[in-house]
Amino acid sequence: MRRRLSWGSTWLAVAGLLAQVALAGVATAAEDTARSVAGSGTHFLDHSAALAGYADPGWYEANIPFVDLPDATMESVYYYRWRVFKEHLRYTNPADGWISTEFLDCCGYAAPYQAINAAAGHQLTEGRWVRDPGYGQDYLRFWLTGPGAGAKPATDDVNADTTDWAHEYSVWLATSAYGQAQVTGDFGPLRELLPALVRQYRGWDKQFSADLGLYWSVPVWDAMEFSASSYESPNPYHGGAGYRPTLNSYQYGDAIAISRIAASVGDRKLASEYAQRAARLKTALQKWLWDPDRGFYFAMARDDNPDHKLSGSREQIGYLPWMFGAAQPGDSTAWAQLLDPQGFASAYGPTTTERRSPFFMKDAGSCCRWDGPSWPFATAQTLTGMANLLDDYPAQTTVSKEDYAAALATYARTQTKNGKPYVAEAHDPDRDAWIYDGQNHSEDYNHSSYTDLVLSGLLGLRPQSDDTLRVQPLTPATWDHFAAENVPYHGHNVSVLWDRDGQHYGQGAGMRLYVDGRLVQRSATLRATTIDVGRAALAPPDDLVNDAANPLRTGFPKPITSYTWGGDNPWNALDGKAWYTEVPENTRWTNYSSPNPSDFYGVDFGAPTPVGDLRWHGYDDGGGVKTAAAYRLEYWTGSAWREVAGQVREPANPVGNGVNRVTFPTLTTSKVRLVFTNPPGAFVGVTELQSWTPSSPDARITVGPANTGGVITVRESTPVTVTVRNTTGSPLVSPRVSVAVPDGWSVTSGTRPPGAIPPGQSRTWSYTLTAPAGAEPGSAATVSATASYRGPGGRAEATHQRQGLQIAHPPGRQDPVGAWHLDEGSGTVAHDSAGTHDATLTGSPAWVPGTSGTALQLDGSSQYAATGGPVVDTTGNYSVSAWVRLDRTGSWATAVSQDGDPSSGFYLQYSAADDRLAFSTSSGRALSDAAPQAGRWYHLTGVHDADAGTYTLYVDGVAQAKTWHQAAGDAAAGPLAIGRAVSGGRHSDFWPGSVDDVRVWNRALTAAEAARTQAGSAPG
């Protein structure tokens, strides 16, 4: 949910960008605020020139500070990194708002919505300088109280030592959140999150050693996979657990932040507790991890290390204590290693391990090594620490501001490719080459900070917690000019000019500082100073949410279209991401090659939804897809499409690679669509469609009871509840709730709680939902619940929340629908004792002794058995079990599957990628807790609960920890196969070993039934 500062027509007019109205997901205009900002800043720099070639320039004009730097590479990378930041903004849903992603498209080890917490500290720190604070506030809540705080498996692939996504990797959330509030001047949201910040901090308790006073962590879960310290362990990838400068520095910084936040709310006890925690950690860091002989902070192995021996190699993580203020003042000689050619110095560095290390660049040709390659993640941490050393520590002679500027220039030079700004995962330290740069994977990698290093480090804008700003530039003495213009700080615009002779900006010689366009301080020399910016001017919230976003691509809202090019996916334009032509990844819809003179693209909300502010991001690749010639906006009346009346369009004519906004008197509808007229000789594209509607964050709505998949399973007439929680410090007066349902559905009201909702408390309304007769099992629907009330100050407000529904699947029969005991002992047919699905053997597999009677012995290359047709509906509830034995591991092998097109609907198998037994679909896998042993029998049971959207694997009757969640099962209408699978339309994954006693049910077995199946008795 959003409390959002935003910029509209007034700002854009002043900025001269009316033809490129580019709100890019930024919510509706707060005109008074926009007028104030547009009129109160300075206008010394040419913003249009800085943004030349950038799509959607209005977003940058409205949100980022502008800079002018003598180093052209530094400056070009600065604006590029804002593009990277913008690309990685992803809208999740109306309740959780925005997040920042690490990869443009991600991976199986990510949290919900493809978020990864490893670089969240960098992302929040970078984003604190964006004028709209809502991005960062949403993202912080995502990890502390939203989906990012949710449960995850405690398994090796996502960190076996932790149980929630916010602790998958070590991270510094409280520190970055406090830094964010120092820039925005708004500490209110941070104070509200204090209990969650404490909970996040204490989430590392089980990795704390009371004896040492330190936390241990594993390099891979510090986001540093193969490092010098992990190479010192028996397991270089997932080994090397130790007491490291990483998590201990993060926890020190977070303890300081929590102490300060607690003090600001008057909780002296909590403030004292965390100040003491920080002090003890600082002492322990110095006692155990600082080596006075080698003058550096090192990792110390946790296991088999009774003498507390430190690592043999200096690693770049040794600079982390300075990033958080945990280093001792006398330890600054460690920074000599940054400049030492045998230390960390390099042309494209710093290196992540000193060159003296025997592990330097070991196996660095393969990802992902932190034993020498230059990682922007680590470089940004080091440069932040270096700026702190120069600004916050006593004077020292080891490094200077010239060294900082030179290191930042090296970092900027590293972030290029083919002469243009570019950032991927890791760079060769000595050659101009990115070495971890996977196509359609690593581009524009959002894993580090850079703009913050320019603003808070190089240009010296040091945020404070009061009404002041410290300005302490670290620019080299040779620079005769630089500027930072309209830096958002405490709701004001701050500009800093340095012009040695007054010729560059024409405002006079020397240093000048401006607040809201007013000159507040000048100096003939460039020097450190502090200015008073006045009280924080916090913008009022506009409370808009995007009701069209659905990154999970299940249920509603869903896309509707008349035609989609085969290379696109209609879901792309509702996925919460607005990309244009800058990246190779595809997140667009186009009608390329359509035979129609015009096509439509729209959204089906699934239930009646208020609409009044629609935005569509055009796509123009300059070739076959260009800006639409025209478009018509229509809504569904319930029986026909009708053009929306009273439209105000900004801009009047369509734009490609920018935002087209249409506002109109709010109407309620279940569907809207854009009907496009193709441009001459080309087609039309949309990279994102958004529908913004007010929804106050003063209440939080939960519709339930939802299952583990987040949907409510509907069986005939189903009772549901709507719970409204007051998130404010004042009562919500006269609350009322209404529920909107799809066509054909009905809802009846039950209990209605009386009176106001006190602060922090909840009230629950009850209803009964009835689906239309004949609704298809497994089909999706949605309801929308709206709470209206008088909020703080007596304001009339409303909050709405969508909730997904699913028609229940039929229960299935008690007994198996297929059972192949495989006790024939000879012949070419395996008989189905539960039905009529006999399986024919192919390739002459052998009959061998099994767990009971005989079993099939398969060669792993061509032998299998298959039925004549499907046995179970793989989109519904089902369970499958078998006794299996592998003769060998290392290659994919499937014991039981059911053929689909192009791939099997399920796989009961061995996963070579994980070295685990698995119950899989084409999209993911439920995995066994341990690797299987060749030659041993295992009993496997896979259970698909279609209503919950879960796949669970049981091994020898025990449920395994790693489950798989998938909203809809993969359809597979072909034969059931024993001993192989189908992948890409071909037989694959032949089983090398024995299979015995295969059974299939058309229902989801319970855990107790799965255990009884393994024991040999029939479920039920």
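Which helices and which strand are included in what covers the buried residues of H10? In this predicted model, the cover includes helix H7 (134-144), helix H8 (173-184), helix H9 (188-192), helix H12 (245-264) and helix H13 (268-289), together with strand E5 (214-217). Helix H10 itself spans residues 194-202, and its buried residues are Leu194, Ala196, Leu197, Val198, Gln200 and Tyr201.

Strand E25, which covers residues 630-636, is largely enclosed by the rest of the structure, because five of its seven residues are buried. The term buried here requires a relative accessible area under 20%. The pairings of E25 are set out below.

| Partner of E25 | Sense | Bridges | Example pair |
|---|---|---|---|
| E28 (residues 659-677) | antiparallel | six | Ala630 and Thr677 |
| E26 (residues 641-643) | antiparallel | three | Trp636 and Trp641 |

With E26, strand E25 also forms a hairpin that has four residues between the two strands, and Gly638 in the turn has a positive phi of about 115 degrees.

Is Ala930, finally, buried, partly exposed or exposed? Ala930 lies in the loop between strand E48 (925-927) and strand E49 (937-945), and its relative accessible area is 48%, so Ala930 counts as partly exposed; exposed would require a value over 50%. Along the chain Ala930 and Val955 are 25 residues apart, while their C-alpha atoms are separated by 9.8 Å.

Key
Residues are numbered from 1 along each chain as its sequence is written. This is a predicted model: local features need pLDDT of at least 70, side-chain atom pairs count only at pLDDT 80 or more; totals for chains, interfaces and linings use all residues. Side-chain values use heavy atoms; hydrogens and water are left out. Buried means under 20% relative accessible area, exposed over 50%, partly exposed in between (1.4 Å probe, protein chains only). Two strands pair if DSSP finds at least two bridges between them. Contact means heavy atoms within 4.5 Å.
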